[in-house]
Amino acid sequence: IVNEILRINENPNVQGLALDLPESLCSSKVLNAVNPEKDVDGLSDVNLGRLVRGDACDCLVPPTVCAVMELLEDLGGKRVLLVGAGGAVGAALQCLLQREGAATVSCQWEAPQLQTELHHADVVVVGSTKPDDVPVNGWMKPGTTVISCSRDLLSEKHNYSQQNNHAAENTVGSLAIAMRMQNMVKNTERWIQSQQHRKWGLRCLKLQPLSPVPSDIEISRAQSPKAVDVLAKEIGLLTDEIEIYGQTKAKVRLSLLERLKDQPDGKYVLVAGITPTPLGEGKSTVTIGLVQALTAHLNINSFACLRQPSQGPTFGVKGGAAGGGYAQVIPMEEFNLHLTGDIHAITAANNLLAAAIDARILHENTQSDKGLYNRLVPVVNGMRGFSAIQLARLRRLGINKTDPGTLTEEEISKFARLDIDPSTITWQRVVDTNDRFLRKITVGQANTEKGFVRQAQFDIAVASEIMAILALTTSLQDMKERLGKMVVANDKKGEPVTAEDLGVTGALAVLMKDAIKPTLMQTLEGTPVFVHAGPFANIAHGNSSVLADKIALKLVGEKGFVVTEAGFGADIGMEKFFNIKCRASGLVPSVVVLVATVRALKMHGGGPNVTAGAPLKKEYTEENLQLVADGCCNLQKQIQITQLFGVPVVVALNVFKTDSPAEVDLVCKIAKQAGAFDAVPCNHWSDGGRGAVKLARAVERAANQKNSFKYLYSLEV
């Protein structure tokens with residue numbers, strides 16, 4: 001019974017559970033197995049605790065108790081005797097009767113004082129079957145109200161009514177059934193209300209920033225993150241919508257989009273930066289600091305959507321991408337290393353396709369048309385048939401046949417041979433490590449490869465086209481179609497050869513079936529983050545996934561904010577966000593946050609070259625207003641580009657301790673003169689969300705401005 005109850009507890013399509021069991025089976029273990037949120041009988045300890053505490057909105061009163069209370073009126077000052085009414089029902093009855101002003105006494109059938117108590121009672125509530133050897137006739141005074149809520153309600157064997165006593169036996173059973181139905185309705189209404197958008201009941205994590213600011217890894221490890229299932233519940237995810245990976249990560253299923261399809265989207269904020277320098281501008285740090293400020297300090301629902309970092313840069317000079325200081329995603333190691341295996345899935349899918357290309361060329365070089373055909377369409381259990389993907393290829397070739405035995409020799413050759421030109425292969429193998437000796441390699445040197453040798457190379461895993469597809473896809477079916485259209489080479493006639501032609505589309509999609517789900521994590525202050533996809537902006541569109549943004553926009557609600565970032569500078573990552581990602585998703589950005597630093601602007605203004613890790617020259621550590629002013633031309637240009645798209649722009653100036661107040665004021669002044677809605681100094685790196693509250697308020701105001709977003713060119717030729 002308990003196992004069945006637990007199974008029903010996990011079913012999101014069941015909102016209420018009632019138990020019709022023999023009294024002998026209604027043990028505390030069974031009653032408390034029912035999820036309190038589904039307990040329409042109100043008999044679990046959690047429900048009784050809420051009832052005793054007076055939380056009327058959060059508890060359901062047991063139906064039998066409801067029926068008894070419905071039948072009794074004007075209880076103030078009356079003496080009520082509960083006979084044989086123990087357990088959950090007895091406790092609930094005592095609680096409600098006392099709350100109505102009645103003096104209650106509980107007594108068992110075998111109690112020696114039963115006759116005395118019956119004689120003094122104004123109301124008698126019978127909770128269990130009367131033993132045959134207990135006479136009650138003549139023990140009750142005239143006018144006593146008797147209510148029986150035992151399980152033999154319809155039996156005539158125990159009729160306690162006598163003389164002028166008022167008995168209500170059969171009525172309780174029917175009324176209890178009605179009250180149970182009422183509880184079911186109440187529970188369903190409560191569930192429906194819980195599905196409506198509301199401000200999250202988020203328990204934010206407290207920060208105690210230290211000075212000087214410790215290293216990123218020290219800060220990350222000093223904070224204790226919430227369990228990810230707790231975070232998921234806080235932001236409105238159902239138990240069947242998450243797949244938990246350890247304590248701090250979870251995949252979110254795409255079924256959520258169907259459940260929340262009628263929910264209005266929140267505000268959509270893009271974080272971009274000025275042209276990058278070796279010093280870094282801190283886009284990820286601003287993204288995290290902004291959502292920490294919005295949710296932990298302004299009590300506004302917000303979500304950060306970030307890209308998953310590649311292990312190449314993580315183990316290189318650049319390092320990870322979890323943000324920094326007191327504005328980062330935690331745990332930092334989990335975020336930067338492996339995460340939930342999405343990049344490994346992309347590596348497997350990419351290299352499966354690369355292997356299929358070389359294997360196909362080898363087999364075509366060493367086999368006849370008939371031999372190839374027999375391998376592609378083998379006889380299984382005496383039958384030969386085309387697969388769905390092979391039938392699709394036949395249709396593309398203009399061969400409208402479904403029986404493998406009816407193809408002509410010319411059609412067999414056309415179907416079986418792709419005739420890939422090895423010199424045109426563009427699909428490379430990948431690995432998520434900076435391994436420079438794999439940049440140019442030779443493949444096919446084993447004797448088994450029949451002398452088929454060619455030059456090839458390894459790319460970094462996130463450079464795979466599969467990563468770009470993951471970031472732009474809108475569903476599993478959409479991803480499968482996009483994977484099939486990937487061009488991997490040309491044939492010897494110059495026609496493109498696709499993954500669909502190689503027949504591996506289904507295999508690629510299966511390898512990516514979990515990677516398509518965004519990963520839920522949290523910031524240092526316990527606010528939610530989606531980590532999904534990680535294409536580089538110099539070779540792809542450089543933005544996190546469309547799916548993560550769409551799910552987050554539903555979860556935050558109409559007044560919430562989703563903050564995502566674009567790679568590199570605004571003139572590449574932001575423009576690709578508008579021109580590519582927004583076209584693919586149909587989403588309209590509300591605000592652009594343009595990140596800058598005084599140090600980076602000085603470099604754009606003609607300051608000396610900077611080498612990562614080397615001490616900064618005095619131009620960057622001392623006040624130099626002229627150098628700052630000269631470098632602001634880059635900031636002004638990025639503001640102009642944003643304005644061309646019709647989106648309000650807020651400049652976020654990451655402040656360092658070497659920046660003088662005059663330099664900070666100068667940048668903010670020039671930014672506003674260039675057309676920025678606002679320009680705000682930010683200290684989230686050292687102070688967490690508290691240091692970005694001014695930025696959050698500026699973003700909130702800018703999001704309420706008129707938005708005239710437009711594309712700068714049409715896709716029509």
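In helix α22, the residues V546, L547, A548, D549, I551, A552, L553, K554, L555 and V556 are buried (under 20% relative accessible area, with exposed meaning over 50% and partly exposed in between, for a 1.4 Å probe and protein chains only). The helix covers residues 546–556, and because 10 of its 11 residues are buried, α22 is largely enclosed by the rest of the structure. Just after α22, G557 adopts a positive phi of about 85°.

A word on the basis of these values is welcome here: the model is predicted, local features need pLDDT of at least 70, side-chain atom pairs count only at pLDDT 80 or more, and totals for chains, interfaces and linings use all residues. Residues are numbered from 1 along each chain as its sequence is written, and side-chain values use heavy atoms, with hydrogens and water left out.

Turning to the whole protein, its secondary structure comprises 29 helices and 25 strands (DSSP runs numbered from the N terminus, helices being H or I of at least four residues and strands E of at least two). The radius of gyration is 35 Å, well over the 27 Å given by the globule rule for 717 residues, so the protein is more spread out than a compact globule (the radius is taken over C-alpha atoms, and the rule is 2.2 Å times the number of residues to the power 0.38). The C-alpha trace spans about 105 × 85 × 45 Å along its principal axes.

Even so, buried residues account for 51% of the 717 in the protein. Among contacts (heavy atoms within 4.5 Å) with a separation of 6 or more, 71% join residues 24 or more positions apart.
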